[in-house]
Amino acid sequence: MIIWCFIVILPLWVLVIDSFKTKLSIYTNPFGLPAKWNFNNYFSVFRDSQFLIYFKNSFIVVILSLLIMLFVTSLASYSFANWKGKGSKILFFFMIAGMMLPIKIASIKILEIMKILGLINTIWSLVPIYVAMGIPIGIFILTEFIREIPYSLTEAALLDGAGRFKIYHMIIMPLIKPALATVAIYNLVPFWNDLWFPLILINNEKSKTLLLGVNKLFGQYQTDWSKVMAVLTLSAIPVLTLYLSMSKQFISGITAGSVKG
Amino acid sequence: MKIKSKKQKKSYSCVEEKKYYWLRYIIPALLFYVVFMAYPLLDSLRLSLYTGNTINSRTFVGLKNFIVLFTDPQKSTRYWSAFGNTWIFFLINMVMQNCLGILFAVILTNRTMKGRQFYQTIIFIPTTFAVLVTGYLWKLLLNPIWSGPTLEKIGLGFLAQPYLGQSSTALISCTLVSCWQWMGIPTMMFVAALRNVPEDCIEAAEIEGANSRQLFARVKLPLIKPTVGMVSILTFVNNFNAFDIIFAMENANGAPEYSTDLIGTLFYRVGIAGQHPIGIPDTGLGAAIATITFFVLALGVVPTLKATQGGDN
């Protein structure tokens, strides 16, 4: 156990510490603290690349996808939890089946659809894909959760004359907040860290996501590992800080898919 | 959405609703799901029977893509080597993730364990990293020019090998890095499963005089079988699409000499990026590769689900 933790920490230590060294000193002194703290790597990443643009793109895509995804899945789950018909069951299983099927297989067709929609090379092409990717697991978790809300609450509201939609956003939504957070976290990491779809859909500088940018900078800095380490550190920081500040929710969120309702 | 809510306010004050009332809540999600997931997936299966790169130039060729993929000497060698590599990649991953995952979980659920939270947090860190980042990081760590001097100092100089440059070690190195990254997920899944083992089962076994090894093998292991199945399915599905790790650590060609070529990278070259030196993607052939993957996944997932998740479904 301790050995494994060491195997985990050592690379991370190298990642952070070597990003503060100069090009050559990472070879002479790979593991120790830098003799002289060198922040130039970070400055040059910001100076000669569009790192902030990449960052902004990723941020917009992830937040937008999460919001749309949470909205449509919570609506659908609300319906699945209440609708007791044959159609409900069939649709439910149809939409859950996507959990086991990787969307990557469909890439060729998705590429074509995006070309037709004219979204290729824009960050907007990523949003609907991520939304679709998050839907199966979202419905799976949220439906289960909404079913557990006592029906008497809904009944009381119906007697008071509230419409179904009003019940959804006044009663159901506040109650399923923890489940929404779980679904959001579960999808946050794959959305943020996705390389495949940006790689096949985006080819112009302005719309690159963070990881595509990292990929490009890697090629650019190839021989200068200390700069590469700076880029990698910068790209990992957002999710990492989020994780370290709420690791419990993160762990339960990411493993949520496996725990059967 | 606004229009919808107005419609709903008109009626439905009582519990009885029209037959398809609930459908309208599902439609937005259904639309996204069908247009960007279900339809492209099914249509990719159809495309494997066609040739041509644009919608207008497409012609029906039946099973020709599959025949080419399996019989054309050059293409079939590439395909089968990628197919084999993917299995190696998957099997190592699966054995490592299940065995180490269970081991770590047993240690972590041990009541006398100190600093559990701390270890959990650390094991889970790499999971939050992008595969690309992990790949590049390990590319440096496995670089003998970088690590050689230090290894020599502690007397392990023979370990400084160009692991990523030798065909014999490249695939295994990439696989182990992938294990390193994802270890946290199976571990935590097993931890959750072990915590759910009812206390009275353990007590009963202890009263009967079972030692800790028997307790684990006879009581706990059967009870966490569904989780073993789930971990296996997850690694199966994910590894048959692995692409990022090879792309980062080697390149999309599965260097050196295609020894790390997986289905994921082959699919990328053939179906999306286009093969060197032509550079024009062959969508039909790519779709054929995707179709085979689809059926392999279905054949693997469904029986595993049945075997391990039975009883509570």
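**Helix H5 of chain A and its cover.** Among the elements that cover the buried residues of H5(A) are H4 and helix H7 (126–147) of chain A, together with helix H2 (23–47) of chain B. This is a predicted model, in which local features need pLDDT of at least 70 and side-chain atom pairs count only at pLDDT 80 or more, while totals for chains, interfaces and linings use all residues; side-chain values use heavy atoms, with hydrogens and water left out. Residues are numbered from 1 along each chain as its sequence is written, chains are lettered from A, and ligands are numbered from 1, in the order in which they are written. Helices (H or I, at least four residues) and strands (E, at least two) are DSSP runs, numbered from the N terminus. Helix H5 of chain A spans residues 86–96, and its buried residues are A:Ser88, A:Leu91, A:Phe92, A:Met95 and A:Ile96. Buried means under 20% relative accessible area, exposed over 50%, and partly exposed in between (1.4 Å probe, protein chains only). Why do they lie on the same side of H5(A)? They cover an arc of only 125° around the axis, and this puts them on the same side of H5(A). The arc is taken from the directions that run from the helix axis to the C-beta atoms. The other side of H5(A) carries the exposed residues A:Lys86, A:Lys89, A:Ile90 and A:Phe93.

**A:Asn82 in helix H4 of chain A.** Helix H4 of chain A covers residues 51–82, and A:Asn82 lies in it. Is A:Asn82 buried or exposed? With a relative accessible area of 15%, A:Asn82 is buried. Leaving out residues up to four places away in sequence, A:Asn82 touches A:Tyr151, A:Arg164 and B:Trp22. A contact here means heavy atoms within 4.5 Å.

**The interface of chain A and chain B.** Chain A brings 86 residues to the contact, and chain B brings 89 residues. The area buried between the two chains is about 8400 Å², with 80% of it from carbon and sulfur atoms. Buried area is the accessible area (1.4 Å probe) that two parts lose on being put together, summed over both. Between chain A and chain B, 11 residue pairs are in polar contact (both at pLDDT 80 or more). A polar contact is a pair of N or O atoms within 3.5 Å; within protein, one must be able to donate a hydrogen and the other to accept it, and residues adjacent in sequence count only if both atoms are side-chain atoms. On the side of chain A that touches chain B, helix H1 (residues 2–18) of chain A gives the largest share, 11 residues. Sorted by class, this side of chain A has 68 nonpolar, 11 polar and seven charged residues. Ala, Val, Leu, Ile, Met, Phe, Trp, Tyr, Cys and Pro count as nonpolar, Asp, Glu, Lys and Arg as charged, and the others, Gly among them, as polar.

Side chains of opposite charge can pair when their charged atoms come close. A salt bridge is a side-chain nitrogen of Lys or Arg within 4 Å of a carboxyl oxygen of Asp or Glu. How many salt bridges does the rule find across the interface of chain A and chain B? The rule finds one there: the side chains of A:Lys109 and B:Asp43 meet at 2.8 Å, N to O. A:Lys109 also forms a salt bridge with A:Glu112, with the closest N and O atoms 3.1 Å apart. Both residues lie in helix H6 (residues 107–117) of chain A, three residues apart, about one turn of the helix. A:Lys109 and A:Glu112 are both buried. In chain B, the side chains of B:Asp43 and B:Arg46 meet in a salt bridge at 2.7 Å, N to O. B:Asp43 and B:Arg46 are separated by about one helical turn, because they are three residues apart in helix H2 of chain B. B:Asp43 counts as buried at 7% relative accessibility, whereas B:Arg46 counts as partly exposed at 36%.

B:Arg269 forms a salt bridge with B:Asp261, and the closest N and O atoms are 3.0 Å apart. B:Arg269 counts as buried at 5% relative accessibility, and B:Asp261 counts as buried at 0%. Through shared partners, salt bridges join A:Lys109, A:Glu112, B:Asp43 and B:Arg46 into one network. Over all chains the count comes to four salt bridges.
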